[in-house]
Amino acid sequence: MNVDGKPTRTIRPAGDDAVEIIDQTALPQAFVVRQLRSAAEVAGAIASMQVRGAPLIGAAAAYGIWLAMRADASDAALAAARAMLLVTRPTAVNLRWALDTVVARIGPLPPAARAGAARAAADAIADDDVAINRAIGEHGRALIDGLARARPARPINVLTHCNAGWLATVDWGTALAGVYAAHDAGVPVHVWVDETRPRNQGAALTAWELGAHGVPHTVIVDNAGGHLMQRGDVDVVLVGTDRTTAAGDVVNKIGTYLKALAARDCGVPFYVAAPSPSIDWTIDAAGAAGIPIEERSADEVTTVAGTTAAGDAARVQVTPPGSRAHNPGFDVTPARLVTGIITERGVAPASREGLARLFPERAAGAKGAP
Ligand code: MRU
């Protein structure tokens, strides 16, 4: 996507000893680019959510292995870097996938060859992410185009949750890739943006990137979606995913499940954009309950962060001092509530058979495969 007219990726190597990221904790108030110079700095950036979004977390972790191997390419250092990066965010399967991909590539090599090979593997993961998301965008655009042809003379109203846009990936986004493609093709589209408490990825990040690209959008509180769907003000729900099981169950930002329930009740189609690295072929429907759901700090619930009228960052308490808070980061939307899964190979029904038809080579070894 363009930032100030310049094509910009959310992550890229800077010279041969650093990786450059956009600090997402500074948005929307400031566009801050940071350089990370070690695997520990990458792990810190993922854990603090300076970089976030399942595909971007995977790419960042891959570059983290590169930086680790530049410092020490021994077997012990490789295992330690993998372990440190793996525990930063437990739910997004892209993290494990990217680490496994890089480690499988460089593990058999002599230490002297590992840093160069890790850099090449990380670059390939980043480039693949861009290509995958561009393809998802084309399938998403076709879907929005179909809705627009059925309902001419008014914008198509998309509702989205959290941030599954450019910032959550290396480029383009997943759920929002189709929105951008439709908008760029002249299809009138408007996005309802769930604020996405507690971290407000919708209000802060999705609204920022849609605005930067000129896509009409309106921020709503998380509980408004059902009401809008009942009134016919939502044509389609489009969300991303941190992990989708081989059977089509979707783990995504907390609150996604409630949107799917409301969409089903109101007859609104509910689509999930899932790049293939977000599909966990090792887990079938029965295993979805065992997916680790990240528990984040209670402070994110008891306080709200924002900017004062003077432009200063501020955090204020919204709960009584004695109240406890619980902060699960993700929930599971059962496949039966999902209209379709938009992948880089097309739109699949949310089922083992549907996903297996598009990815026969991956599904063949999957748990529960015939
Ligand atoms: O906790 P986050 O901000 O990393 O969660 C992000 C989401 O839930 C996204 O919807 C998901 O990663 C898909 S990103 C294309």
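Predicted model: local features only at pLDDT ≥ 70, side-chain atom pairs only at ≥ 80, totals over all residues.
**H6 against H7**

H6 covers residues 175-184 and H7 covers residues 201-213. I noted that their axes come within 11 Å and cross at roughly 20°. Angles under 35 degrees count as roughly parallel, so I logged H6 and H7 as roughly parallel to each other. I put the handedness of the crossing down as right-handed.

Next I listed the residues that make the contact. H6 brings Leu176, Val179, Tyr180, His183 and Asp184. H7 brings Thr206, Glu209, Leu210 and His213. I sorted these residues by type and got four nonpolar, three polar and two charged.

**H2 against H4**

I then turned to H2 and H4. H2 runs over 54-71, and H4 over residues 93-106. Their axes come within 7 Å and cross at roughly 35°. I recorded this crossing, too, as right-handed.

On the H2 side I found Ala54, Pro55, Ile57, Gly58, Ala61, Ala62, Ile65 and Met69. They meet Asn94, Leu95, Ala98, Leu99, Val102 and Ile106 in H4. How many residues of this contact are charged? I found no charged residue there, with twelve nonpolar and two polar.

I went to Thr160, which sits in strand S6, residues 156-160. Is Thr160 buried or exposed? Its relative accessible area is 2%, so I marked Thr160 as buried.

I looked up what Thr160 touches, leaving out residues up to four places away in sequence. From Val191 to Asp194 the list holds Val191, Trp192, Val193 and Asp194. Thr160 also touches Leu238 and Val239. Leu176 and Thr206 complete the list.

**Backbone checks**

I kept one rule in mind here. Most residues other than glycine have a negative phi, and most peptide bonds are trans.

I looked for positive phi first. Met49 has phi near 65° and is not a glycine. I placed Met49 in the loop between helix H1 (39-47) and H2. With a relative accessible area of 2%, Met49 is buried.

Trp172 is another case, with a positive phi of about 80°. Trp172 lies in the loop between S6 and H6.

I then checked omega. The peptide bond from Leu27 to Pro28 is cis, with omega near 0°. Pro28 belongs to the loop between strand S4 (18-22) and strand S5 (33-36). I found a cis bond from Arg197 to Pro198 as well, with omega near 10°. Pro198 is in the loop between strand S7 (189-194) and H7.

**The whole chain**

Last, I stepped back to the protein chain. I counted twelve helices and 18 strands. The C-alpha trace spans about 60 × 60 × 45 Å along its principal axes.

How does the radius of gyration of the chain sit with that of a compact globule? For 370 residues a compact globule would have a value near 21 Å, and the chain has 20 Å, which agrees.

I also noted that buried residues make up 55% of the 370. For contacts with a separation of 6 or more, I found that 74% come from residues 24 or more positions apart.

Conventions: Residues numbered from 1 in each chain as written. Heavy atoms only, no water. Axes fitted to C-alpha atoms, helices over the stretch in contact; angles between N-to-C directions. Helix = DSSP H or I, 4+ residues; strand = E, 2+ residues; numbered from the N terminus. Parallel < 35°, antiparallel > 145°, perpendicular 65-115°, else oblique. Left-handed = near helix turned anticlockwise from the far one by under 90°. Contact = heavy atoms within 4.5 Å. Nonpolar A, V, L, I, M, F, W, Y, C, P; charged D, E, K, R; others polar. Rg over C-alpha atoms; globule rule 2.2 N^0.38 Å. Buried < 20%, exposed > 50% of the residue type's maximum accessible area, 1.4 Å probe, protein only.
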